[in-house]
Amino acid sequence: MEGFLERVEAVNNVINGAVWGWPALILLAFVGILMTCMTKFFQLTHFRYWMKHTIGAIFGDRHVTAHTEDKTISQFQSLCTALAATVGTGNIVGVAGAIATGGPGAVFWMWLIAFFGMMTNYSENVLGILYRRRNEHGEWSGGAMYYLRDGLGRKKGCKQIGAALAVLFSCFCLLASFGIGNMSQVNSMTENINHAFGIPRVAVGIFLVLAVGLVTIGGIKRIAAMTEKLVPFMVIIYLLGTIVIILTNIRTVPAVFVSIFQGAFHLKSAAGGAVGAGIATAMKMGMKRGVFSNEAGLGSSVMVHSSSNVKEPVRQGMWGIFEVFADTIIVCTLTALTILSSGAVDLQTGALTAAAEEVGSSNLMSYSFANSFGSLGSKFIALAILLFAYSTVLGWSHYGTKAFEYLFGTKTVIIYRVVFVGMVMFGALVNAQLAWDISDTFNGLMMIPNLIGVIVLSPQVMECTRNYVARKMKGDTTVVPILSLFEDIEAEQLKRPDED
C-alpha cells in the first residue's frame, strides 16, 4: 500500500506542477478581470442591489426560501448547498496552510482572487441557467459541460471541441469529487477528531460512511434539505467563535493588517528565500487556496445553482457573487485574522512561531482557539471542521452525480453514489498531504475547460446582464427578457410570474 501511494504521489506532483503553474493562475485571474470589466464592475457598482436580492431577500421574499413540490430546489437551498460545498476545510485548514507556506501576504492574494472571482462565479451561474435542461426525472441539469457542449459547440467549427471539453470537464469533475469533495475533507475531519478527542481514524471513517450515505443516496432534495439547516447554523457559530478571539486580541489587529500587505509585496515567505521568491510563494498559495475555498472558476457550484427554481439567470448569478463574498471575504478573512492575531505567526518575519510549527499547519486554528479557550477551543475547532467538511462532502456528491449523469445517463447515478460513499473510508486513512495535493490537481484540471467556455461565451453573459439591468434596475418595459437559450424553456419561463 505504501509503495502504491508513493507512486500516486510522484505522478500527481508532475501533473500538479503543470496545471497549477503560472499560466493557469494567470488564466484564472484574466477571466475574473475580463468579466469584471465586461459587466462594468457589477460586484461593486450594484453592491447594494445584489445584497438586497440575495441575503436580504431571505428575510422578505418567500420565493427565495419556499420549498418546491417539483424536482427543483429553492434559491436559498441552492445557495446553502453551494456554500456547503465551498465552506469547508479550505476555510480552516486551507487558509492555515496558505499562511504557513506563503506567510501573511497570502491572505491579500486570496482577497484579490476572490474579488475578481465573484464575477467569474457570477458568469458561470448565468451561463448555467441559460443552458440548463431537464433530465428524464424532471430535474434541472446544468453546468459547465452543458454550456461547453451547447454554447461553445454552437460556434462555427467548434462542435467537436465543445463536446470534447464537456466530456473532459465531466471526467475531471468526477475525479475532483473524490479529491476536494471527499478525500481532503474526510482526512481533515478524521485528523482533527483524532487530535482533539483521541477517537481512532477508522472509527471516525466508519461513522462518516454511514452519515454521508444516508443523505447522498437520497439525491438533491435530501441534500438540500440537510444543508439549508446545517450551513447557517455552522457558519454563524464558527464566525462568533472567531470574532471573540479577534476581539480578545484586538490590539494586534493593526499589526496583522500591516503584515498582510507587507507580506504580499515585500517580506519573505515562511518558506524563506529571496524577496521575489517570497512574493511569488505568497501569491501562488493565496490564489490556490482562494480557489480551493470558493471554487470560483472551477464550474462546480453551477451544477447546484442550476437546480434552483429561479427564473432569471442574472438573479442566480448574484447568488454566485454572494457565495464567493461569504466564503472568502467573510469566513476566510476571519479565519486568517484569528490565526494571525493569536500569536501563531511572527508578524515581523511572517514565519510560524516554534509552538505553532510543532502542532503543524493543519492544526493552526486548533492552536489559536486553544490559546484563548484552552482544550475546549481545540475541541470546538474539531467539531467545526467536522460540520464544515461533512457539508462539503454532501455538496460535492451532487456535483459528481451530475458529472456522472452527463457521461453515463440518469439511470446509472446510483453506481456513482455507492462508490463515492465507499471513498469516504479511503479518505479517512490516506496521507493528509497527498489528499490536499490530489485535490489541488483535480481543481486545476476542472478549471481549464470551464474557463475556456466562460471566455468564449462572455458576450452572452454581458448581453444577459445588460438585458436584466435595463428591465429590472432601469424599468425599461420594452426590453424582451433573456431567460434561456432554448426556445421551449424560454417559453416555459416567460409564463411564470416575475420574481421581484
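Me: What does the secondary structure of the chain come to?
Reply: The model is predicted. Of the 500 residues in the chain, 61% count as buried. The secondary structure amounts to 23 helices and two strands.

Me: Among contacts between residues at least 6 apart in sequence, what percentage join residues at least 24 apart?
Reply: The chain exposes about 18,600 Å², with 67% of this area supplied by carbon and sulfur atoms. For contacts between residues at least 6 apart in sequence, the share that joins residues at least 24 apart is 83%.

Me: Is H16 parallel or oblique to H18?
Reply: The axes of helix H16 (residues 313–341) and helix H18 (residues 364–373) come within 9 Å and cross at roughly 60°. Because of this, the relation of H16 to H18 is oblique.

Me: How many charged residues does the contact of H16 with H18 have?
Reply: From H16, Thr-335, Thr-338 and Ile-339 meet Leu-364, Met-365, Ser-368 and Phe-369 of H18. By class, this contact of H16 with H18 has four nonpolar residues, three polar residues and no charged residues.

Me: Is the crossing of H18 and H19 left-handed or right-handed?
Reply: The axes of H18 and helix H19 (residues 375–408) come within 6 Å and cross at roughly 145°. Residues of H18 that meet H19 include Phe-369 and Phe-373, and their partners in H19 include Phe-380 and Ile-381. The crossing of H18 and H19 is right-handed.

Notes: Residues numbered from 1 in each chain as written. Predicted model: local features only at pLDDT ≥ 70, side-chain atom pairs only at ≥ 80, totals over all residues. Heavy atoms only, no water. Helix = DSSP H or I, 4+ residues; strand = E, 2+ residues; numbered from the N terminus. Buried < 20%, exposed > 50% of the residue type's maximum accessible area, 1.4 Å probe, protein only. Contact = heavy atoms within 4.5 Å. Areas by Shrake-Rupley, 256 points an atom, 1.4 Å probe, with all protein chains shown as cover. Axes fitted to C-alpha atoms, helices over the stretch in contact; angles between N-to-C directions. Parallel < 35°, antiparallel > 145°, perpendicular 65-115°, else oblique. Nonpolar A, V, L, I, M, F, W, Y, C, P; charged D, E, K, R; others polar. Left-handed = near helix turned anticlockwise from the far one by under 90°.
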